[in-house]
Amino acid sequence: MDKSAPAVTIFHNPNCGTSRNALAAIRESGVEPKVVEYLKTGWTVAQLQGLLKAMKASPRDILRVRGTPAEELGLTKPGVSDDAILAAMVAHPILVERPIVVSPKGTALCRPLEKVSALL
């Protein structure tokens, strides 16, 4: 295995308990992941589309509503397009649910936390 690049990436929000616990679980398994603090780095549409394709999910599946402007932006209404949700996620990174973990075994929104063990 190439030791220069981590095999596991976590899209992490250090203010989120579930995200902190997922990061700790990855490290406890002996893996030092690449940590992407997406609230600092932001998202691109292509990046989100790639993650969604890997998860076989839609933008609505990873839309975080609690503690975000999702409702005031109208994103929780029926019929809002995937493109509109993706554009809002790029403009407001907090709208993406966390943590998302990418590993050689797959990609998943690790909420509940137990989902992380299947990726390690």
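## Basis of the model

Residues are numbered from 1 along each chain as its sequence is written, and side-chain values use heavy atoms, with hydrogens and water left out. Because the model is predicted, local features need pLDDT of at least 70 and side-chain atom pairs count only at pLDDT 80 or more, while totals for chains, interfaces and linings use all residues.

## The sheet

Helices and strands are DSSP runs numbered from the N terminus (helices are H or I with at least four residues, strands are E with at least two). Two strands pair if DSSP finds at least two bridges between them. The model has an open sheet of 4 strands in the order 2-1-3-4, with mixed pairing. Its edge strands are strand 2 (34-37) and strand 4, each of which pairs on one side only. From one strand to the next, the twist averages 15°. Axes are lines fitted to C-alpha atoms, for helices over the stretch in contact, and angles run from 0 to 180 degrees between N-to-C directions.

Strand 1 (residues 9-12) and strand 3 run antiparallel and are joined by 3 bridges. Phe11 has Ile100 in strand 3 as its bridge partner. Strand 3 (residues 100-103) also runs antiparallel to strand 4 (residues 106-109), with 4 bridges between them. A hairpin of 2 residues connects strand 3 to strand 4, and Val102 stands opposite Thr107 in strand 4. In general, strands of a sheet pair through backbone hydrogen bonds, either parallel or antiparallel.

## Helices against the sheet

Contact here means heavy atoms within 4.5 Å. Helix 1 (residues 17-28) lies across strand 1, strand 2 and strand 3, and runs at about 160° to strand 1. Helix 3 (residues 45-55) lies across strand 1, strand 3 and strand 4, and runs at about 100° to strand 4.

Residues are called buried under 20% relative accessible area, exposed over 50%, and partly exposed in between (1.4 Å probe, protein chains only). In helix 3 the buried residues are Leu48, Leu51, Leu52 and Met55. These residues are on the same side of helix 3 because they cover an arc of only 100° around the axis, the arc being that of the directions from the helix axis to the C-beta atoms. An α-helix has 3.6 residues a turn, so residues three or four places apart point the same way. The buried residues of helix 3 pack against strand 1, helix 4, strand 3 and strand 4. The face turned away from the buried side carries the exposed residues Ala46 and Lys53. Just after helix 3, Lys56 has a positive phi of about 50°.

## His12 and Arg20

His12 lies in strand 1 and counts as buried because its relative accessibility is 5%. Leaving out residues up to four places away in sequence, His12 touches Ser19, Arg20, Leu23, Val35, Val36, Glu37 and Tyr38. The side chains of His12 and Ser19 make a polar contact at 2.7 Å. A polar contact is a pair of N or O atoms within 3.5 Å; within protein, one must be able to donate a hydrogen and the other to accept it, and residues adjacent in sequence count only if both atoms are side-chain atoms.

Arg20 is in helix 1 and is partly exposed, at 43% relative accessibility. With residues up to four places away in sequence again left out, Arg20 touches His12, Pro14 and Asn15. A polar atom of the Arg20 side chain lies 2.9 Å from the backbone oxygen of Pro14. The Arg20 side chain also reaches the backbone oxygen of Asn15 at 3.5 Å. Arg20 and Pro99 are 79 residues apart in sequence, and their C-alpha atoms are 8.6 Å apart in space.

## Salt bridges

A salt bridge is a side-chain nitrogen of Lys or Arg within 4 Å of a carboxyl oxygen of Asp or Glu. By this rule the model has 4 salt bridges. One of them joins Arg27 and Glu32, with the closest N and O atoms 3.0 Å apart. Arg27 is partly exposed at 40%, and Glu32 is partly exposed at 48%. Lys40 and Glu37 form a salt bridge at 3.3 Å, N to O. Lys40 is exposed at 70%, whereas Glu37 is partly exposed at 26%.

Arg111 and Glu97 meet in a salt bridge at 3.2 Å, N to O. This pair links distant parts of the chain, 14 residues apart: Arg111 is in the segment after strand 4, and Glu97 is in the loop between helix 4 (82-91) and strand 3. Arg111 is partly exposed at 26%, while Glu97 is buried at 13%. Arg64, Glu97 and Arg111 are linked in a network of salt bridges.
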